[in-house]
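Could we walk through some strand pairings together? Have a look at the model first.

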Amino acid sequence: MTWTKPIYLLALGVMLIPKMSNLQGKDAMIAPSGSAMAGEVSATPIKVDRLDAAADQIIPAGAKLERVASGFTWTEGPIWIQGALYFADIPANSIHKWTPGGGVSTFLKPSGYKGSSPYGGPEPGSNGMTLDARGRLTVAGHAQRNVYRLESLSPNAPITVLADSYQGKQFNSPNDLVYKSDGSLYFTDPPYGLRTQKDNDPDKKLKINGVYRIPHALEQKPARGELQLLVSDLTRPNGIAFSPDEKYLYVSNSEPKKIWMRYRVKADGTLTEAKLLYDATADKRPGSPDGVKVDEQGNLYGAGPGGVWIFSPEGKPLATILITEKVANLAWAGPDRKTLYITASSSIYRVHLNIAGAPLIRGH
């Protein structure tokens, strides 16, 4: 989703973050400066817009919303790996690592744009992240305009570019991604990582903002000719997630229509039966449909106006967890996958829920 600098300067009280040098590899494993990023946990009673009684089965009575880290600019792409939360701060062109009790360190910088001159746009970094069935971190490159994979969980790991163009034309800025259990990778490609973030950006090569599939993405070097365009009629496709049984693929669209879509997944991995799941365009609260996740019962959780929206598998809105900052994305965590981490503007939040999230790695 679009990060708007003036809005965040107001929200953060014109807080200045010291600039970090463009280091990569071993030297990047430093703690970001600034006490606001130290990871002190603060908890407040959760505020919920309950729209259906079913929400009480999901959100525990007396639940707390905890802020575990802050001091960033626009946090995105959270993923829980080996007891730590990895997440992007897109304007800072970084992937950070937060460890309970250990605070925040910078895992990878730069994570997106690697040019020597200043980027000239608001979002130079990487975006969404996921794991493949072999546990390898896969990243939506955003301003890097590709989808890449780290061959091990190290900033020094070899990098494999899984895709960077469609029919010879460079991607806009891959935004979010999800693996299917057959090893294929699905991702969205809006223009938010381009310098102007607009469809008429001079660097935009594709007329569409698509949803794509990479068959056989587990292979070391997937055949680029196999890349499939699945959806081409969304204006700003963004978050993406499968239902637990993989019969459906959910895709959020950020603007101008604030909607969540559902597609039936065919046996060959392509999509059919597009259905409007919910339209929140009339909701004027801050935020738009962005990252999405599902729990093991098929309920859908999505960043949206006002906070985190929760839907039944059929698209009935059950509740909104109210967050004072614009929410970007979500991740399940913990041994029981009942902790939901939330990236929201300058901060990282979490809430403990009653239903476990769907497993991130589904096998192949």
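Some questions and answers on strands and their neighbours follow.

Me: Before we start, what kind of model is this?
Reply: Residues are numbered from 1 along each chain as its sequence is written, and side-chain values use heavy atoms, leaving out hydrogens and water. Local features need pLDDT of at least 70, side-chain atom pairs count only at pLDDT 80 or more, and totals for chains, interfaces and linings use all residues, since this is a predicted model.

Me: Which residue of β10 stands opposite threonine 138?
Reply: Strands here are DSSP runs of E with at least two residues, numbered from the N terminus, and two of them pair if DSSP finds at least two bridges between them. β9 (residues 137–140) pairs with β10 (residues 147–150) in the antiparallel sense over 3 bridges. Opposite threonine 138 in that pair stands arginine 149.

Me: Which residue in the turn between β8 and β9 has a positive phi?
Reply: β8 (residues 129–131) runs antiparallel to β9, joined by 3 bridges, with threonine 130 opposite threonine 138. The two strands form a hairpin with 5 residues between them, and the turn residue with a positive phi, about 80 degrees, is glycine 135.

Me: Are the residues on both faces of β9 buried or exposed?
Reply: Buried means under 20% relative accessible area, exposed over 50%, partly exposed in between (1.4 Å probe, protein chains only). Leu137 and Val139 lie on one side and Thr138 and Ala140 on the other, and all of them are buried.

Me: Which strands stand at the edges of the open sheet of 4 strands?
Reply: The order is β14-β15-β16-β17, with antiparallel pairing. Two strands each have a single partner, so one side of each is left without a neighbour in the sheet: β14 (177–179) and β17 (228–231).
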